[in-house]
Amino acid sequence: MSYEARDYTHLLGNLPGFSDEQLKAHLELYRGYVKGTNEIIDKLENRDRKAAAYAFGEYSELKRRLPVAYNGMWLHELYFDNLKPDVDDDGSFREAVQKQWSSVKDWKEGVVATAKTGPGWVITALEQTTHQLRTVFVAEHHIGWMANHTPIMVLDMWEHAYMIDFGIEKTAYLNAFMENLNWEILDRRYRAAAAEVHKNVSDAPRNLNYVHAAGGGIG
Ligand SMILES: [Fe+2]
């Protein structure tokens with residue numbers, strides 16, 4: 001089995017603020033993560049389990065690096081998929097954001113603040129037990145990811161995502177990103193995530209009655 005890189009050439013010339021040079025470089029990097037994921041999986045299929053070791057061993061190193069390559073692939077797809085201006089959304093994610101943070105503006109300010117936390121990813125996700133939205137920061141592609149959360153909005157804050165077009169002007173990149181955010185995709189992701197409530201099967205449902213303080217969206 002191998003993963004195939006998805007085609008995002010429809011984005012070229014269609015994202016105000018983003019040059020073809022910037023997007024092509026970013027897409028090339030994304031394809032590198034797809035290739036890396038396939039290479040690691042191939043090697044694991046021909047594994048030597050006896051080489052597993054905490055200190056060092058090829059098998060263990062492959063296991064450690066798979067989430068980096070895989071998340072690098074998967075998060076880039078979520079990122080490119082949630083870019084495209086001028087789409088019609090049904091307002092379901094917008095409504096959830098307003099309920100959680102009191103306003104879209106407040107949510108965006110939380111995203112921007114999280115984006116300044118460091119290079120990596122900013123993800124607004126739905127916590128599947130309580131259905132609370134939460135904006136989280138993920139370093140590299142895997143450090144800080146919270147279990148039991150489903151990504152809705154994914155923002156790439158690695159410098160390669162904006163340096164060609166925006167240099168060190170993160171705010172200009174964030175403004176362009178927000179202008180190109182595909183709210184229709186966010187609606188679809190939100191509706192799919194909100195249709196599920198994950199319960200720990202060994203436990204009574206916990207925190208299901210948890211109610212967020214009005215206007216107190218996390219992040
Ligand atoms: Fe990236």
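**View 1. Helix 1 has 26 residues and reaches 37 Å from its first C-alpha to its last.** That span is close to the 38 Å expected at 1.5 Å a residue; the expected span is 1.5 Å times one less than the number of residues. Helices here are DSSP runs of H or I with at least four residues, strands are runs of E with at least two, and both are numbered from the N terminus. This is a predicted model: local features need pLDDT of at least 70, side-chain atom pairs count only at pLDDT 80 or more, and totals for chains, interfaces and linings use all residues. Residues are numbered from 1 along each chain as its sequence is written.

**View 2. Buried residues of helix 1 include Tyr 30 and Tyr 33.** Leu 23, His 26, Val 34, Thr 37 and Ile 40 are buried too. A buried residue has 20 or more other C-beta atoms within 10 Å of its own, an exposed one 12 or fewer, and a partly exposed one a count in between, with C-beta atoms placed from the backbone. Helix 2 (58-81) is part of what covers these residues.

**View 3. Ile 41 lies in helix 1 (residues 20-45).** Ile 41 is partly exposed because 16 other C-beta atoms lie within 10 Å. Its C-alpha is separated by 8.4 Å from that of Leu 62, 21 residues apart along the chain.

View 4. From the N terminus, the order is α-α-α-α-β-β-β-α-α-α. Of the 219 residues, 29% are buried.

Key
Contact = placed C-beta atoms within 7 Å.
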